[in-house]
Amino acid sequence: MKALFISLVVVFILIVFGCAADLTNADKPGALLWGENCGRCHNVRPPSSLTDSEWDLAVMHMRTRANLTETEAEKIVVFLKAAN
Ligand code: HEC
């Protein structure tokens, strides 16, 4: 149920912010950055798949792979930890 709710929130955010063409990466919320970046190379790992400390480590590694700024990576981690 929680996963469904989170999916709906993410879809909503993608729709709302996806239409705002002038939104720069710095303005994007973590959920959107996650949706846009973390499924490019592999299936997107659901927030519930890792613990808070595992997400710290995973995003630290993925930040370099995905070419994210520190702020972007931080927002993604905050989102993942809030949703796991
Ligand atoms: C440029 C390609 C690329 C992008 C973008 C990317 N990943 Fe990955 N990811 C990989 C590859 C390749 C692996 C497997 C090798 C590894 O673990 O380094 C992987 C593995 C993982 C794993 C498994 C690690 C483990 O220890 O089992 C997780 C979790 C993960 N990625 C999360 C993310 C998240 C979150 C993002 C967004 C911030 C992201 N990835 C973006 C390429 C990418």
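Reply: One definition is needed to begin: Ala, Val, Leu, Ile, Met, Phe, Trp, Tyr, Cys and Pro count as nonpolar, Asp, Glu, Lys and Arg as charged, and the others, Gly among them, as polar. The model is predicted.

Me: How do the residues of the shell around the ligand divide into nonpolar, polar and charged?
Reply: The ligand is surrounded by 14 residues. Sorted by class, the shell has 3 charged, 3 polar and 8 nonpolar residues.

Me: Which helix gives the largest share of the shell around the ligand?
Reply: The closest residues to the ligand are Cys-38, Cys-41, Ala-58, Met-62 and Ala-66. Helix α3 spans residues 52–66. With 6 residues, the largest share of the shell comes from helix α3.

Me: Is α2 roughly parallel or roughly perpendicular to α4?
Reply: The axes of helix α2 (residues 30–37) and helix α4 (residues 70–83) come within 8 Å and cross at roughly 105°. Angles of 65 to 115 degrees count as roughly perpendicular. Therefore α2 is, relative to α4, roughly perpendicular.

Me: Which residues make the contact of α2 with α4, and how do they divide by class?
Reply: From α2 come Gly-30, Ala-31, Leu-33 and Trp-34. From α4 come Glu-72, Lys-75, Ile-76, Val-78, Phe-79 and Leu-80. By class, the residues of this contact are 2 charged, 1 polar and 7 nonpolar.

Me: Why is α2 largely enclosed by the rest of the structure?
Reply: A residue is buried if 20 or more other C-beta atoms lie within 10 Å of its own. In α2, the buried residues are Gly-30, Ala-31, Leu-32, Leu-33, Trp-34, Gly-35 and Asn-37. The helix α2 is largely enclosed because the buried residues number 7 of the 8.

Me: Which elements give two or more residues to the largest nonpolar core?
Reply: The largest nonpolar core has 11 residues in all, among them Leu-32, Trp-34, Trp-55, Val-59, Phe-79 and Ala-83. Trp-55, leaving aside neighbours within four places in sequence, is in contact with Leu-50, Val-77, Leu-80, Lys-81 and Asn-84. Two or more residues of this core come from each of α2, α3 and α4.

Me: Is Leu-14 buried or partly exposed?
Reply: Leu-14 lies in helix α1 (residues 2–18). Beyond neighbours within four places in sequence, Leu-14 is in contact with Leu-32 and Gly-35. Because 14 other C-beta atoms lie within 10 Å, Leu-14 is partly exposed.

Conventions: Residues numbered from 1 in each chain as written. Predicted model: local features only at pLDDT ≥ 70, side-chain atom pairs only at ≥ 80, totals over all residues. Near = placed C-beta within 6 Å. Helix = DSSP H or I, 4+ residues; strand = E, 2+ residues; numbered from the N terminus. Axes fitted to C-alpha atoms, helices over the stretch in contact; angles between N-to-C directions. Parallel < 35°, antiparallel > 145°, perpendicular 65-115°, else oblique. Contact = placed C-beta atoms within 7 Å. Core = buried A, V, L, I, M, F, W, Y, C linked by C-beta atoms within 7 Å. Buried ≥ 20, exposed ≤ 12 C-beta atoms within 10 Å, placed from the backbone.
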